[in-house]
Amino acid sequence: MTNAAFLTLSHCEHLLKYTKRAAALTAAAASAALILAASPAAQAKHITVALSAAFTTLDSYDSPDTITKAVARAVYEGLFTFDKDMNPVPLLAEGYERSADGLTYTVRLKKGVQFHDGTEFDAEAVKLNFDRVLRPNSGLTRRAIYTFIDTVKVVDKYTVQFTLKYPHGGFIRRLAMNNTMMVCPSLIKAAGGNKAGLALKSCGTGPYIQEEFNPSEKFVVKKNPNYRIKGLPKLDGITFIPVPENSTRAAMIRTGEADFITTVPLEQIKSLEADETLNVTAIPSIMQKHLDLNNFFKPFSDKRVRQAINYAINKDALVKVAYNGYAVPQYGILASQYPGAVKLGPWPYNPQKARELLKEAGYPNGFSTILWSGYNDTTSGKVVQFLQQQLAQVGIKVETKLLEPGVRTELILHVKGAADSKSRLFYIGWSDGSFDPDQVLRPILHSTQQPPVYMNTTYYANKHFDELIDKALVEPNEAKRNQLYEDAQKTAWEDAPWAFLLFEMSTGASNKHLKNFNMMVDQSFEFYNAEWVE
């Protein structure tokens, strides 16, 4: 099996540079303390954040992963965001009004907001951003989330009006997601609206400005001196670096080479919690991890084979072996935090039943296939190795490979359709910070959302399931809507389009002097008010 990637020489040199810089900053801080003998106070500082995966694209309308969209919050902002309780609140918007029929939303914008290029944020900029993602040939992977928007109209300089094709109760939540960030019109025009032109460059309204970006090595941002809110940001800058290897991330937070890490290596979480110089967070998350089964191709087109794979995997053992107990076996398609979530499992571990179903489906001796992982961190390597061993016990032999984020996007999403798909077994996850059930069920299970449109990478297609969630989307009565979602969850659970594995914890560790750098339930993080306090 392919091992998780090791740090490259350039990466090591990068870390050494920041180790020296940290030492210099420490010496300077010590000198200042001797001179001023000041009491503990917030200080400007450039921090380093070590993350478990590399980045994809800075274009939030095309980015498929949680980590890249989380770091992009440094430079980009949307019309709305989520508060600590995951309720949508205005950010670049002042507020909104909704028409009685639920089809029109009039959004009032904040005045005096500047893009990083010095131009003013206004309704024309909002329209340009949405027109770009709504263009049918945009090729943007997040377009599918917003196709229910019919038109975007400029009412006046600071008012924009959205007209929907049908009522959508989750519309403001969709605007609060990390997809619809406001990009400088100058950058969009310079790129000709092409997503390649926005992949490595950013220009937004955020509290930080991009200095450097290399998807496999680092994302460096510096303080925006013209940010609209006085006193923010409180840090001089942030360097985000991908560090897939668990022990390296843990060593970095211990030695001070990193000031924040996520995810926390679960095998070391207890020892890190005992370190008085660190703060460790572990909260239940909505991130589910599952093993996609390509329903388009044999043998996975047979429901009995898909069910057999679910029976073949011991989820309790997986949680212990790969997650050190910091996860729970997947008990449903929706995490319990979602409205309308139904507890349906976990699927029981029964290898004998798995063998019987395989024999019934015409595979008494099993079969051979490939298993790709959408992640290349250490924990994912453990998961893939465990799955390989479990499947072998029922006669399914798999060749495994851990994919780099860029390779994952190319192999999994850049295909012409189901018949062109390359994956067979694909270990991947999904989390959605909007807490809209539709944003779980539709993107990864609706038949219209298969790549290259969106993220149904199982190529699952069930007309009844589609009809249930389509009806739920426009159902105004909450009880009836939740019943439709319940029926849809039960349908998909029985069909077993993937092997249901687990829900992870959301984990982070920080230097005790770093405040307000917080983990979120979708495994992203927010740092809007982050500061360094001695």
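Which residues does threonine 104 touch, not counting residues up to four places away in sequence? The views below start there. This is a predicted model, in which local features need pLDDT of at least 70, side-chain atom pairs count only at pLDDT 80 or more, and totals for chains, interfaces and linings use all residues. Residues are numbered from 1 along each chain as its sequence is written, and side-chain values use heavy atoms, with hydrogens and water left out.

**View A. Threonine 104 sits in strand E6 (residues 104-109).** Strands (E, at least two residues) and helices (H or I, at least four) are DSSP runs, numbered from the N terminus. Beyond its sequence neighbours up to four places away, threonine 104 touches Glu97, Arg98, Ser99, Gln161, Phe162 and Thr163; contact means heavy atoms within 4.5 Å.

**View B. Threonine 379 belongs to helix H12 (residues 378-392).** Threonine 379 counts as buried because its relative accessibility is 9%. Buried means under 20% relative accessible area, exposed over 50%, and partly exposed in between (1.4 Å probe, protein chains only). Not counting residues up to four places away in sequence, threonine 379 touches Asn246, Ala322 and Tyr323.

**View C. One disulfide joins cysteine 184 to cysteine 203.** A disulfide is a pair of cysteine sulfur atoms within 2.5 Å, and here the S to S distance is 1.9 Å. The torsion about the S-S bond is about -70 degrees, so this disulfide is left-handed. Cysteine 184 lies in the loop between helix H4 (171-176) and helix H5 (185-190), while cysteine 203 lies in the loop between helix H6 (196-199) and strand E9 (208-214). Cysteine 184 is buried at 0% relative accessibility, and cysteine 203 is buried at 9%.
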